[in-house]
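Subject: Structure for your files

Hello,

Here is the structure I said I would send. Please open it alongside the notes below.

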Amino acid sequence: TPPPTTPPPTDPPTGGLPKHLLTGYWHNFDNPAVELRLRDVPTEYDLVAVAFAEATTTPGALTFGIDQGLSAALGGYTEADFTADVRTLHSRGQRVILSVGGEAGRVTVNDAASATVFADTAAALIARYGFDGIDIDLENGLNPTYMAQALRALRAKVGSGLIIAMAPQTIDMQNPAGGYFKLALDIKDILTVVNTQFYNSGAMLGCDQNAAYAQGTVNFIVALACIQLEAGLRPDQVGLGLPAGPGAAGGGIVAPSVVNAALDCLARGTNCGSFRPPRTYPGIRGAMTWSVNWDVSNGNGFARTVAPHLDTLP
């Protein structure tokens with residue numbers, strides 16, 4: 001008998017995004033990956049997360065501007081160029097959000113005052129550049145109470161179309177009582193998608209709590225996504241974050257076909273490894289990759305393999 005299927009979501013997805021989406025991060029910095037103007041992001045990406053907004057000396061405050069190293073590498077790339085590129089992506093039906101944090105991010109929202117500052121400065125950046133939302137990628141911890149307050153205040157300023165994404169590490173999504181997971185559940189009514197980083201991780205327990213699964217496998221991706229799906233997030237709020245190939249991560253790199261297999265296992269109960277989830281989740285939101293730049297550097301294999309597969313999901 002086929003496994004039971006989760007019912008469709010009671011709340012419609014926000015932000016004008018497709019049912020199943022591909023998210024990619026765009027580098028606002030120069031590193032060994034190819035540098036790209038935002039308008040050169042491939043059209044396979046439905047949602048582009050600009051990495052990263054940075055902290056100021058004021059708690060909770062965000063700032064953003066075009067990195068000078070990136071501008072130099074591109075032979076000159078200005079704020080006006082970037083803003084025009086956001087409009088270009090909009091004309092293609094793509095959405096652009098501002099990611100907060102990253103591995104070195106030090107944005108802190110630990111009280112009501114910094115929550116207000118976060119909302120105010122984020123709203124100003126959204127208005128200035130035309131961003132469609134925000135991505136919380138704070139890898140050094142967060143306060144779920146005040147970050148939830150900040151995000152609700154931001155949505156009140158921007159409107160119900162605000163896209164709110166998150167990119168926690170695997171350790172952050174092992175237990176619903178943990179800060180990141182608690183934040184996701186606390187803002188479930190306004191949350192768009194959580195793209196957990198299923199990489200740069202040691203072995204982790206899955207939702208069966210029986211085994212520590214090794215990263216870089218279908219079992220790891222499915223068993224850890226299952227925790228979120230069984231502990232309160234809707235399927236349309238769960239995305240699978242994977243590296244775009246060599247250079248993109250220190251561990252957990254998989255072939256794009258493995259990402260497709262994990263999506264199939266979760267959505268249909270097919271192409272699973274030895275671990276099988278307790279039910280299927282046809283509404284599983286999609287996949288994320290770090291990063292667009294690394295994918296382009298590696299021949300666009302991630303986008304060209306995963307994006308068309310997303311279109312085949314139920």
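This is a predicted model: local features need pLDDT of at least 70, side-chain atom pairs count only at pLDDT 80 or more; totals for chains, interfaces and linings use all residues.

Residues are numbered from 1 along each chain as its sequence is written, and side-chain values use heavy atoms, with hydrogens and water left out.

Strand β10

Helices (H or I, at least four residues) and strands (E, at least two) are DSSP runs, numbered from the N terminus. Strand β10 covers residues 238–243, and six of the six are buried, so the strand is largely enclosed by the rest of the structure. Buried means under 20% relative accessible area, exposed over 50%, and partly exposed in between (1.4 Å probe, protein chains only). One side of β10 carries V238, L240 and L242, the other G239, G241 and P243, and both faces are covered.

Two strands pair if DSSP finds at least two bridges between them. β10 runs parallel to β7 (residues 193–197), with four bridges joining them; N195 has G239 of β10 as its bridge partner. With β11 (residues 286–290), β10 pairs over five bridges, also in the parallel sense. β10, helix α7 (residues 256–268) and β11 form a right-handed β-α-β unit (with the strands pointing away from the viewer, the path from the first strand over the helix to the second runs clockwise).

T289

T289 lies in β11 and stands opposite L242. Its relative accessible area is 0%, so T289 is buried. Leaving out residues up to four places away in sequence, T289 touches T23, G24, Y25, Y45, L242, P243, A244 and F302 (contact means heavy atoms within 4.5 Å). Q197 is 92 residues from T289 in sequence, and their C-alpha atoms are 8.6 Å apart.

Helix contacts

Axes are lines fitted to C-alpha atoms, for helices over the stretch in contact, and angles run from 0 to 180 degrees between N-to-C directions. Helices α4 (residues 144–158) and α5 (residues 179–186) pack at about 35°, with axes 9 Å apart. P144, M147, A148, L151 and R152 of α4 meet G179, K182, L183 and D186 of α5.

The axes of α3 (residues 112–129) and α4 come within 8 Å and cross at roughly 35°. Among the residues in this contact are F118 and I126 of α3 and Y146 and L154 of α4.

Regards
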